[in-house]
Amino acid sequence: MRLSQSFIPTMKEIPSEAQIPSHQLMLRAGMIRKLSSGVYEFLPLGFKILKKVEQIIREEMNAAGAQELLLPALHPKELWEETGRWEIYGDEMMKVIDRNKRQFGLGPTHEEVITDLVRKEVKSYRQLPVILYQFQTKFRDEIRPRFGIMRGREFIMKDCYSFDKDEAGLNINYQKMVQAYKNIFTRCGFDFRMVQADSGNIGGNLSHEFMVLANTGEEAIYYCDACQVTLKANEPEGGQTASIEKKSCTACQKEMKYSRVIEVGHTFNLGTKYSAKMKATFLDENGESQPYIMGCYGIGVSRIVAAAIEQSHDANGIIWPRQISPYQAIVLPLDVTNEPVKNTAEDLYAQLQSQGIDVLLDDRDERAGVKFKDADLIGIPVKVIISIRGLAEGKIEIKLRQTGEVFKLSVAEAVPKIMELVQV
RNA sequence: CGGGGCGUAGCUCAGCUGGUUUAGAGCGUACGGUUUGGGACCGUAAGGCCGUCAGUUCAAAUCUGACCGCCCCGACCA
C-alpha cells in the first residue's frame, strides 16, 4: 500500500475526548473515528488490525473443532421472553420496532438465537456435540460507554456456543476452548492471566475470565506466577486511588502481585440454564428427552485491539506485536524528489511485495521527520529507511520499532534480512 | 440514573466581569518560495448559524433558562 493513496488520517494532537493511551493513539493513528458516544467507525488501518485478530481467533477456533456461522443481529422479543431475559436485560438491550409494531432487540449476546437454531435441528445425541461460533457486531446500551472502543455500545465480539449430551462432554469442550483461548491470547502477544469469575448476566455454574495486564484496566487481579494462582480483586473502598490491600498466595504463601487488567475473554459453563427454559432437547441413548448441556465462550475482538495498544506503546505511538501489526514493514524514502532514493524504494517495495510481505510505502513528498513520526505513531514493527546519505555508502537502513535496533545493509542483503525480521 | 466538567475553524485552544471594528491564534488544508535524517521556515488564501431554542438588553460567543451532545467518577459488562 502506498501511503500517498491510503486513507490513514493521522493527527499530531490528542483529541480532548480521549483519556487513555489506546483511545488517543487509535484516533491519532487514523484507526478509528467516533460517530456517537460508544459508537465508532473503523477506518482501513483499524479494520486491517481487526481482521488480523479475527483471523488468529478463527484459526484457533477451527482447530478446536468449532464451526463458524453468522447469526442475525435482530432478535424477536418473543425469543428473549422464553428465557425471561427481555425483562432481565432491560434497558441494556437496544430495541427497535418494525412497521407492524413488532418489537425486536439488537442482539447483545446470542444464547437465545443459537439455542433456538440448534433445538430446531439437533434432535439426537448422535448429532452432539456441536460447537458453533461467529464474529458479529453486538449492541449493548451501556450505562456509561468509555475509553473509545474499550467499552462501546456497539462492538465486535466472537461468541461461541457448545452443545453436549452430558456434563462430561461439556467439560472436554470447555477445556478445549480454554486451551484455544490461551493460544489466541499468546498469539496476540499478550501478557494475560486466566481467573475464575462470577457468571453475571449470562449465567451458569462456572466461568473464567481472560485478563490482559494493563494499568488502565477497569478491573484488577492478584496473581502468583510461581503457583498460577490468580484471584479477582475487589474494587478498594474509595476507588482506584485507595491503597491496595496485600494478599498472600494460597499455595506458596508468598505475597501476590497486583495488576489492573482488561477483560478480553470470558468462558461460561452454562449447563442447562438456557436449554431447559427454551425446551431445547434431544433424545438420549434411552430415547429420553434431555436438555442440551451448554457452554458459551466470548472474546471482545475490538477490545483486543485496544488492549494490545494499552500493553504496547511508547511516547511516539503504538508498538504492534508482529502477529497483529497491520503491515509487516514500512519503506521510507526520505526524499522522493531524489531519483536514486525514489527508485531504490520503489524497487525494494516491489521486491518485498513479491515475497508476500505486507508492506507500506511512504511515497509522500514529506520531510523525513514527518515520515518517522507517522511510521512510529502507527507502530509498524520494521522501518526500512532509504536516504541520500545511506545510498552514498551503498546502504539502506533497517530500524526496529520496538528496540530501536538498527541494521545498515546493501539493498541485496536487505530483502532477506527484512524477511527474517518480519517472521512471527 | 446520581455526582462533576465541557460545547468557539478539521485538531488543540484563546476571547466570556455584555459594546472595538468584519470572532482570534497555533497546527492541519490549498497555492508560491526557501528547505530536506525525527512533526522546518516565510508569504498568501480558503475554512465559523460561537451546540440548539427561548429569554434579559439599545446591544449576547459573552448574562439567564430549557433542551441536545460529549467527557470524567460510580453501579453493569467482552
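Let me begin with Lys 138, which lies in strand E7, residues 130-139; strands here are DSSP runs of at least two residues and helices are H or I runs of at least four, both numbered from the N terminus. The model is a predicted one, in which local features need pLDDT of at least 70 and side-chain atom pairs count only at pLDDT 80 or more, while totals for chains, interfaces and linings use all residues. Residues are numbered from 1 along each chain as its sequence is written, chains are lettered from A and ligands numbered from 1 in the order in which they are written, and side-chain values use heavy atoms, without hydrogens and water.

Lys 138 is buried, with a relative accessible area of 0%; buried means under 20%, calculated with a 1.4 Å probe on protein chains only. Its side chain is joined to that of Gln 136 by a polar contact of 3.1 Å, that is, a pair of N or O atoms within 3.5 Å, one able to donate a hydrogen and the other to accept it. Beyond the neighbours within four places in sequence, Lys 138 is in contact (heavy atoms within 4.5 Å) with residues including Gly 107, His 110, Glu 154 and Asp 159.

Why is helix H8 described as largely enclosed by the rest of the structure? The reason is that 10 of its 11 residues, in the range 301-311, are buried. Among them are Arg 303 and Glu 310.

Of the atoms of RNA strand B that come within 4 Å of the protein, sugar and phosphate account for 49%. By class, the surface near RNA strand B has 16 nonpolar, 14 polar and 20 charged residues. Helix H10 gives the most to this surface, with 8 residues.

Two individual approaches deserve mention. A polar side-chain atom of Glu 13 lies 2.8 Å from a base nitrogen of RNA strand B. In the side chain of Lys 34, an N or O atom is 2.9 Å from a sugar or linking oxygen of RNA strand B.

Finally, a helix pair. Thr 344, Leu 348, Gln 351 and Leu 352 in H9 meet Val 411, Val 415 and Ile 418 in H12. The residues of this contact divide into 5 nonpolar, 2 polar and no charged.

Technical notes:
Ala, Val, Leu, Ile, Met, Phe, Trp, Tyr, Cys and Pro count as nonpolar, Asp, Glu, Lys and Arg as charged, and the others, Gly among them, as polar. A residue is near a molecule or strand if one of its heavy atoms lies within 4 Å of it. Buried means under 20% relative accessible area, exposed over 50%, partly exposed in between (1.4 Å probe, protein chains only).
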